[in-house]
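Colleague: Before I use this model, I would like to know what stands behind the terms applied to it. Please take me through them.

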Amino acid sequence: MNAENSLAAGPANPRFFLRSGPFDAQAVAQAAQATFVPPADGRALPAEGFKGIAPLQNAGSDEISFLDNRRYATLLENTSAGLVIVAPAFADKVPPHCAALITSEPYLAWSRVARMFHPRHPARAGVHPSACVASTADIHPTCEVGPFAMIGENVKIGAGSVIGAHTVIEQSVTLGEECRIGSHVTLSHAVVGDRVIILPGARIGQDGFGFAVGPQGFETVPQLGLVVLGNDVEIGANTTIDRGSVNNTVIGAGSRLDNLVQIGHNVQMGRCCIVVAQAGISGSTILEDFVTIAAQAGLIGHIRIGEKARVGAQCGVMSDVKSKADVIGSPAMPFKEFFQNVAVLRRIAKKKPGSSESSADKDDKKD
Amino acid sequence: MNAENSLAAGPANPRFFLRSGPFDAQAVAQAAQATFVPPADGRALPAEGFKGIAPLQNAGSDEISFLDNRRYATLLENTSAGLVIVAPAFADKVPPHCAALITSEPYLAWSRVARMFHPRHPARAGVHPSACVASTADIHPTCEVGPFAMIGENVKIGAGSVIGAHTVIEQSVTLGEECRIGSHVTLSHAVVGDRVIILPGARIGQDGFGFAVGPQGFETVPQLGLVVLGNDVEIGANTTIDRGSVNNTVIGAGSRLDNLVQIGHNVQMGRCCIVVAQAGISGSTILEDFVTIAAQAGLIGHIRIGEKARVGAQCGVMSDVKSKADVIGSPAMPFKEFFQNVAVLRRIAKKKPGSSESSADKDDKKD
Amino acid sequence: MNAENSLAAGPANPRFFLRSGPFDAQAVAQAAQATFVPPADGRALPAEGFKGIAPLQNAGSDEISFLDNRRYATLLENTSAGLVIVAPAFADKVPPHCAALITSEPYLAWSRVARMFHPRHPARAGVHPSACVASTADIHPTCEVGPFAMIGENVKIGAGSVIGAHTVIEQSVTLGEECRIGSHVTLSHAVVGDRVIILPGARIGQDGFGFAVGPQGFETVPQLGLVVLGNDVEIGANTTIDRGSVNNTVIGAGSRLDNLVQIGHNVQMGRCCIVVAQAGISGSTILEDFVTIAAQAGLIGHIRIGEKARVGAQCGVMSDVKSKADVIGSPAMPFKEFFQNVAVLRRIAKKKPGSSESSADKDDKKD
């Protein structure tokens with residue numbers, strides 16, 4: 001079998017995804033909250049409506065596409081799509097055979113149109129017979145609980161939530177409404193809001209990394225706080241969030257964590273923060289609202305990152321970061337300073353090729 | 001539901017944690033192995049003893065708190081706690097209404113007092129009826145085996161150990177006494193000591209990353225060693241430890257690994273090492289005793305890190321590190337040299353703002 | 001119990017590994033595809049054949065060992081092994097009592113010999129009674145499906161594949177022949193080739209990290225692509241591979257990913273790429289064939305890495321990398337330039353000890 005060739009390119013393979021529609025231009029424009037512009041060449045729209053979505057290079061005359069990244073602008077000029085969602089700046093690049101939806105937020109509009117055509121699987125109410133549910137658990141009858149899930153004593157799960165296969169929810173955890181907990185998740189010592197999404201394999205609520213040095217070695221310090229996930233939080237696959245040691249570890253409403261992120265005990269994260277894959281935040285550090293932490297960045301403990309600050313990829317943050325600051329590098333510094341340093345060092349090193357060549361060669365061999 | 005506001009601040013919510021006590025000052029002092037100093041204003045201690053622990057800002061007159069980090073010293077001066085655990089240096093900052101326990105190890109003392117008030121859940125002896133246990137497995141009758149656990153042929157588990165829900169222990173693995181294995185752990189090809197703690201989702205004993213280049217592509221090299229975890233080892237959530245290829249991968253007694261750590265095949269780690277979250281150690285590297293590897297550091301393979309050496313966060317170690325050395329940076333260098341380099345480069349770059357500005361700006365846009 | 005001392009050193013403990021043989025020198029030479037050289041001192045080979053493999057320092061006269069790394073050359077001169085596999089360059093270092101197998105690919109030869117002595121556990125055909133298998137799943141009768149595995153609707157699994165305990169394979173996923181899926185794996189929205197190996201805890205096919213900024217916060221963008229794993233792909237423990245958003249995420253045939261790797265949505269990886277532990281590749285980035293990404297490296301999205309390029313450990317790649325280039329550093333630069341920069345900066349900093357000492361000391365305390 002050649003897996004790579006066995007699938008047509010293009011999104012939303014019907015074997016894997018639900019499909020709705022077709023929808024006419026008016027319905028699509030409404031979902032997109034965008035301004036409709038008919039084809040410049042005056043042709044009629046597809047009589048049965050638009051049937052689906054597709055990337056610019058694959059879309060046909062009854063499909064909808066979008067442009068969000070100027071790297072791909074030439075694809076727009078050559079598309080056969082019947083309808084495209086674009087920003088005003090690209091309106092004049094839309095081919096004449098093609099209708100347009102013009103919006104200042106094309107990616108958001110695309111997202112809503114895509115969801116209209118491909119809704120999420122609804123919760124299939126009921127507890128799978130193989131699940132292990134404590135008699136004191138309070139699970140709303142509209143919830144779906146998957147095979148081999150384990151729901152502990154006094155757990156409470158709100159209406160419409162879905163608990164994936166093999167997920168373990170330990171004693172006394174509460175979840176709000178319309179949550180989607182993937183498979184193989186561990187949740188303990190946690191209070192979870194509404195509409196929270198947790199992807200497979202996330203570990204939430206385990207012991208933080210706390211120990212004291214005793215005469216016979218390290219002694220574990222009891223970790224007596226919880227994890228609090230606000231409404232609309234999303235947690236990536238295999239991400240780990242330790243519970244607090246004394247206070248709680250808090251992920252503020254609307255914040256999104258990618259895969260393989262590490263959140264130490266007592267971290268306080270504000271609203272709508274973004275933490276990209278493989279970043280790590282050490283214990284007791286505070287993120288104010290709307291902070292972005294890029295991939296593989298690391299923050300030491302006990303510092304504060306101001307509102308709307310942005311921490312670059314692989315950045316090593318050892319001290320507080322001011323509100324709205326952009327930092328990168330290890331140790332962290334302003335973006336401009338970092339790239340200036342890089343440029344200056346490059347220039348100096350090039351000036352002295354004779355003197356440094358030999359030592360550089362030597363180091364080279366170490367790798 | 002607003003999850004963030006639904007919980008009172010403060011540790012050890014009784015829904016989630018066991019609670020013991022109250023305890024009188026003498027019992028607390030004994031657990032803390034600290035010197036008791038009565039309140040300076042001469043007031044009586046709480047008649048019924050101390051009821052629990054709390055952070056300085058929340059503790060009441062029948063609660064115990066502590067100070068370990070001088071950042072929070074003003075909280076001590078304003079606390080309402082009835083008893084505080086502090087180092088001698090802070091003894092004169094203890095408010096007059098407040099008793100004190102003076103010790104050179106306040107964090108250790110706090111840890112023991114906290115454990116006295118909030119003991120761990122004891123093992124609930126017995127195998128859950130949903131667990132899948134091989135007939136040849138030898139599980140001590142005092143062990144707790146959780147729902148859906150899978151225990152393979154010839155596995156041996158010592159007295160008092162707890163195996164979490166969904167944990168898979170493959171054929172012939174042995175565990176010592178009083179181990180705590182969390183949920184969703186995979187253990188294969190491993191020999192585990194006493195009192196070992198493994199947090200959820202850790203993967204221990206799988207194939208190392210070993211392959212040879214053959215004429216048709218890579219060929220897997222059989223990985224024929226084991227993983228050996230010494231007594232009192234602790235392994236974090238979603239951490240991965242590959243088994244040895246020829247020799248064993250060894251984590252020495254008392255060592256502690258945080259979450260999302262990667263340990264390659266044949267790594268030999270000594271006693272009481274610390275490896276913080278998201279650090280990675282490549283194959284066949286040796287850590288002597290008491291080595292600390294900070295978060296997100298990476299070590300190449302086949303090197304040796306000397307006793308008590310400390311490797312800083314995000315450090316990239318490409319060669320041996322001497323005993324007691326402190327290194328940081330990528331490539332690794334002594335702490336002082338690293339920060340000196342940072343300072344010198346900053347000064348040079350600032351001196352030449354005109355010449356470098358344009359190139360810095362250009363690079364800036366790449367992000 | 002002292003776990004560290006309870007095991008003899010040496011590979012392939014029979015409690016954990018299958019064992020075959022003994023094999024005579026001819027059979028071993030054939031498996032190794034190497035040239036046999038009898039012992040220089042003329043002694044006879046073991047009459048019953050060679051019984052197993054062992055490292056140079058432990059092997060006896062009826063065992064086989066190998067040398068691949070010149071660091072360990074003195075071990076060869078002192079070995080008691082009866083037969084060693086070595087490259088031509090080491091042929092004259094083989095002790096006189098010892099036969100040799102000479103090959104330009106000693107590691108590959110060793111691998112094949114080791115596999116001959118220690119074959120993989122064959123698939124034990126059958127579905128474990130505790131597994132939860134949808135009636136529409138099409139599982140070849142030669143497959144092994146472990147305890148508590150969950151196989152969804154319309155899943156198809158080819159001949160000879162092994163599905164580990166607790167693994168979840170969601171609706172419509174297809175797997176080819178002779179795959180080995182470890183325990184606790186999650187597979188959804190995926191098409192998997194033949195002979196694919198997935199280690200425990202890998203998460204494959206979950207939602208990518210895609211969201212648009214809406215008026216009330218982030219809105220999830222539907223992720224409508226799949227994950228495609230080519231033939232002979234190997235995926236490490238707790239690694240995460242997100243499915244595509246519009247196109248598919250593709251891992252090309254023969255590529256190998258280590259543990260804790262993150263692959264973002266829409267990544268296109270060519271044939272025989274290597275991605276070492278804790279590296280991360282952001283969305284829509286393209287790796288051509290034979291690319292190597294070393295440990296903890298990070299690549300931003302929407303870039304292209306040329307054929308046979310090598311990205312060093314901890315490297316931060318922000319732009320395209322040419323075919324066959326070797327880059328390292330953050331931001332990425334050619335190997336030689338990186339080590340030259342390091343050397344130049346070190347020299348400059350040493351020249352100015354007086355002026356920089358104070359600032360360096362100050363920074364030092366921040367850690």
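Modeller: A salt bridge here is a side-chain nitrogen of Lys or Arg within 4 Å of a carboxyl oxygen of Asp or Glu. By that rule, two salt bridges are found across the interface of chain B and chain A. Keep in mind that this is a predicted model.

Colleague: Why is the pair Glu219(A) and Arg112(B) called a salt bridge?

Modeller: The N to O distance between the side chains of Glu219(A) and Arg112(B) is 2.4 Å. The cut-off is 4 Å between a nitrogen of Lys or Arg and a carboxyl oxygen of Asp or Glu, so the pair qualifies.

Colleague: What makes up the side of chain B that touches chain A?

Modeller: Elements of chain B that each supply at least two residues to that side are α3 (106-117), β26 (256-257), β29 (274-275), α4 (335-351) and α5 (353-366). The most comes from α5(B), with nine residues. By class, the side of chain B that touches chain A has 40 nonpolar, 23 polar and 17 charged residues.

Colleague: How many residues does each chain bring to that contact, and what area is buried between chain B and chain A?

Modeller: Chain B brings 80 residues and chain A brings 89 residues. The area buried between chain B and chain A is about 6,600 Å², and carbon and sulfur atoms give 60% of that area. The rule for polar contacts finds 30 residue pairs across this interface, both residues at pLDDT 80 or more.

Colleague: Now chain A and chain C. What makes Arg346(A) and Glu337(C) a salt bridge?

Modeller: Their side chains meet at 3.3 Å, N to O. That value is within 4 Å, and the pair joins an Arg to a Glu, so the term applies. The count between chain A and chain C is two salt bridges.

Colleague: Which elements of chain A supply the side that touches chain C?

Modeller: Two or more residues each come from α3 (106-117), β26 (256-257), β29 (274-275), α4 (335-351) and α5 (353-366) of chain A. The largest share, nine residues, is from α5(A). The classes on the side of chain A that touches chain C are 41 nonpolar, 23 polar and 17 charged. In this contact 81 residues of chain A meet 91 residues of chain C, with about 6,600 Å² buried between the two chains.

Colleague: Why is Ser188(A) called buried?

Modeller: The relative accessible area of Ser188(A) is 8%. Buried means under 20%, so Ser188(A) falls in that class. Ser188(A) lies in the loop between β16 (186-187) and β17 (190-192) of chain A. Beyond its neighbours within four places in sequence, Ser188(A) is in contact with Glu170(A), Val173(A), Ile204(A), Gly205(A) and Gln206(A).

Colleague: How do you know that β1 (residues 35-37) and β5 of chain C pair?

Modeller: Strands β1(C) and β5(C) are joined over three bridges in the antiparallel sense. At least two bridges are required, so β1(C) and β5(C) pair. Within β5(C), Ile102(C) stands opposite Thr35(C).

Colleague: What about β4 (residues 83-86) of chain C and β5(C), parallel or antiparallel?

Modeller: Parallel, with four bridges between β4(C) and β5(C). Leu83(C) has Ala99(C) of β5(C) as its bridge partner.

Colleague: Which way do the residues of β5 (residues 99-102) of chain C point, and are they buried or exposed?

Modeller: Ala99(C) and Leu101(C) point one way, Ala100(C) and Ile102(C) the other way, and all are buried.

Methods: Residues are numbered from 1 along each chain as its sequence is written. Chains are lettered from A and ligands numbered from 1 in the order in which they are written. This is a predicted model: local features need pLDDT of at least 70, side-chain atom pairs count only at pLDDT 80 or more; totals for chains, interfaces and linings use all residues. Side-chain values use heavy atoms; hydrogens and water are left out. Contact means heavy atoms within 4.5 Å. Buried area is the accessible area (1.4 Å probe) that two parts lose on being put together, summed over both. A polar contact is a pair of N or O atoms within 3.5 Å; within protein, one must be able to donate a hydrogen and the other to accept it, and residues adjacent in sequence count only if both atoms are side-chain atoms. Ala, Val, Leu, Ile, Met, Phe, Trp, Tyr, Cys and Pro count as nonpolar, Asp, Glu, Lys and Arg as charged, and the others, Gly among them, as polar. Buried means under 20% relative accessible area, exposed over 50%, partly exposed in between (1.4 Å probe, protein chains only).
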